[in-house]
Amino acid sequence: MRHIISILLENEAGALSRVAGLFSARGYNIESLTVAPTDDRTLSRMTIVTRGSEQIIEQIVKQLNKLVDVVKLQDLTEGAHIERELMLVKVKAVDAFREEVKRLVDIFRGRIIDVTDSTYTLELTGTVEKLDAFVKALEVTDIIEVVRSGVTGIARGDRALTI
Amino acid sequence: MELTGADIVVRCLQDEGIEYIFGYPGGAALHIYDALYTQEKVKHILVRHEQAAAHAADGYARATGKPGVVLVTSGPGVTNAVTGIATAYMDSIPMVVISGQVPTHLIGDDAFQEVDAVGITRPCVKHNFLVKDVKDLASTIKKAFYVATTGRPGPVLVDVPKDITAHKTEYIYPKSVAMRSYAPVSKGHPKQVKRALEILLSAKRPMIYTGGGIIMAEAQSELRELVRTLGYPCTNTLMGLGSYPADDPMFLGMLGMHGTYEANMAMHDCDVMLAIGARFDDRITGDLAKFSPYSKIIHVDVDPSSIGKNVRVDVPIVGDAKSVVTELLNQMKAADRKPDEAALKKWWKQIEEWRSIKSLEYDRTSELIKPQFVLEKLHEVTAGDAYVTSDVGQHQMWAAQYYGFNQPRRWINSGGLGTMGFGLPAAMGVQLAFPDSPVVCVTGEASIIMCIQELSTCRQYDLPIKIVNLNNRYMGMVRQWQEFFYDRRYSHSYMDALPDFEALAKAFGHSGMRIEKPGDVEGALREALAMKDRLVFMDFITDQTENVYPMIAAGSGHNQMHLHPGTGEPPEERELA
């Protein structure tokens, strides 16, 4: 099962490597990992997408909680939640493809954020599935470069990860 | 008044009430060493290798329950200590390691004796810190002691760059620590305890299995009361030996790979298992698929991540062993239910049958010295009251099986990491903590060589440790596995070109003995232990072919034990009550 785990951790040097080190040392897998400070500069918020059996996920949550730098965490997938990923794509855009790619960007509600004579740089936000579908659709032209931020997320409704 | 960082380090140790620190000086730690020189409150023990500093601090911590403190320099000082830190980590031993670091402006420059101490120790510490401002130094050291000694204890490293030890600031040692990200649970949830009690009282074939957590929490009296009130059998892990008296009839001995027949069979056949402060390690469970197939499991542990890690648990209780067992006892007194006497009688009858196999029997007629015999005699001569440290291998298992520990904190060994070289330095820490008590290091000729240099430290501080070297000219446990599982291909397990240990001990300024006949064992032990003012190295030349029994081979279940060839095979047909 795929799980999205949100973590509030002390914004200190080395905190990230404690989390990353835990995953590699115990052989847990990381599909994606994002991290940045929150509105409270002393805290970072990290989002990890991982996969594993219920027993493994339970261990991941317990082991993360055990890290002294981890203040609080939440398994977003345990309840209703919103997940988003940001993607930037550079594609070849010449001749008829300039219009075709523009149409695709509109359909997926993306944006063209940079233009040259022969390329477009596109921005798209959405779920992993939406981003995957967009990349597939873009295969009509040449994709030069894809960069994805990794998933970040937040719980729906009143549920929140705060201290 | 403003103090230098180095003075602050020493003042923190004084204010923490630290008696001994174990260390080795070097460039990055020189300011701290200079600060140590001008005071007498904290006594520094100069080891001969940083690994030994960590083991000695570890031994001190295991014997006293107080945190062990280590001081090393940067680079190789830290890397040498890593084995000792990892040893303490695996066995949850409270320890604070202060390491010198190159000056902050050189960090990352591949400076002389620079190593990323925080990075290299991260996987084997409970937590670690790099101090970047002298203003944070005292509060960081306070946090280090707090984290190391609370919850599930463990080693904490504080890396202090040399320039920080020269900078000055006002010294304030915080009285208490509050960390929003660290709040260890101590009390178990009363509702969970209630559920546990219901299951415990409905048991027909109960088993109480306890580990090092009882010793950490000082819960031995509570455990005793629990076992006696319930009338249930009790077994200890290697790390838990001494938490329940070995000479008590309710005690079934150690369990696991080299556990007794009765302990392992009872683990296999029980219908309710109460595990306290034990972590279902692979040396305990054997093949998980075959582990205790009929039991409901109640697991008490201070570390939530220990629960449900290896086996499924029916009633998890997160909490300190002492508070949970106390709560169990209180609820039991209030409950009107009693254990099922009839079922219990039947269960004990079965256990006694298993016990009658005498799985720890060995050949007592041999003309060679049997290692088991040495340990039985050691128990006799010391009245079971010595602190016994060990290294790792056959001698460690024999000490665990035959010494018979009746009190906690007397059995000091590297259980989790299995570190050869642990025994002698650990004994130094124990002897310093208890200068008037007998401290015996049970070792083998392969293990003792790994930290033999510490004989020099023992001489410097007049530590009257007694070394029992069970010398079989093999890495015995390796040889045993090669005999059983590698068709007797004894690849590199033979210890060739051994030193004359008696002469070696003398060269270091100690006494030495060589004992070759079973008839001389007791006399030698008595003579050595009577020499209270000196270290005596007893080199016992033992039977090379002796193996540790019983044994559960890797991948087998608890009911599939190899017994000593002389014991005969266990009965096959069994009926569950």
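Which residues does B:His258 touch, not counting residues up to four places away in sequence? They are B:Met397, B:Gln401, B:Met477, B:Gln480, B:Val548, B:Pro550 and B:Met551. Contact means heavy atoms within 4.5 Å.

This is a predicted model: local features need pLDDT of at least 70, side-chain atom pairs count only at pLDDT 80 or more, and totals for chains, interfaces and linings use all residues. Residues are numbered from 1 along each chain as its sequence is written, chains are lettered from A and ligands numbered from 1 in the order in which they are written, and side-chain values use heavy atoms, with hydrogens and water left out.

**Chain A**

Chain A has four helices and nine strands. Helices (H or I, at least four residues) and strands (E, at least two) are DSSP runs, numbered from the N terminus. Their order from the N terminus is β-α-β-β-α-β-β-α-β-β-α-β-β. The C-alpha trace spans about 55 × 35 × 35 Å along its principal axes.

Of the 163 residues in chain A, 43% are buried. Contacts between residues at least 6 apart in sequence were also sorted by separation: 74% of them join residues at least 24 apart. The accessible surface of chain A is about 8500 Å², and carbon and sulfur atoms hold 53% of that. Accessible areas come from the Shrake-Rupley method with a 1.4 Å probe; for residues, only the protein chains shown count as cover.

A nonpolar surface patch is formed by A:Leu86, A:Leu88, A:Ile113 and A:Val147. Together they have about 280 Å² of accessible area. Patch residues have over 30% relative accessible area and no salt bridge; like charges are joined within 9 Å, and nonpolar side chains (Val, Leu, Ile, Met, Phe, Trp, Tyr) within 5 Å. A salt bridge is a side-chain nitrogen of Lys or Arg within 4 Å of a carboxyl oxygen of Asp or Glu.

Buried means under 20% relative accessible area, exposed over 50%, and partly exposed in between (1.4 Å probe, protein chains only).

| Residue | Relative accessibility | Class |
|---|---|---|
| A:Leu86 | 35% | partly exposed |
| B:His258 | 4% | buried |
| B:Pro518 | 22% | partly exposed |

A:Leu86 sits in strand 5 (residues 81–92) of chain A. B:His258 is in the loop between strand 11 (251–254) and helix 11 (261–269) of chain B. B:Pro518 belongs to helix 22 (residues 518–530) of chain B.

Leaving aside neighbours within four places in sequence, B:Pro518 contacts B:Ser366, B:Glu367, B:Leu368, B:Ile369 and B:Phe373.
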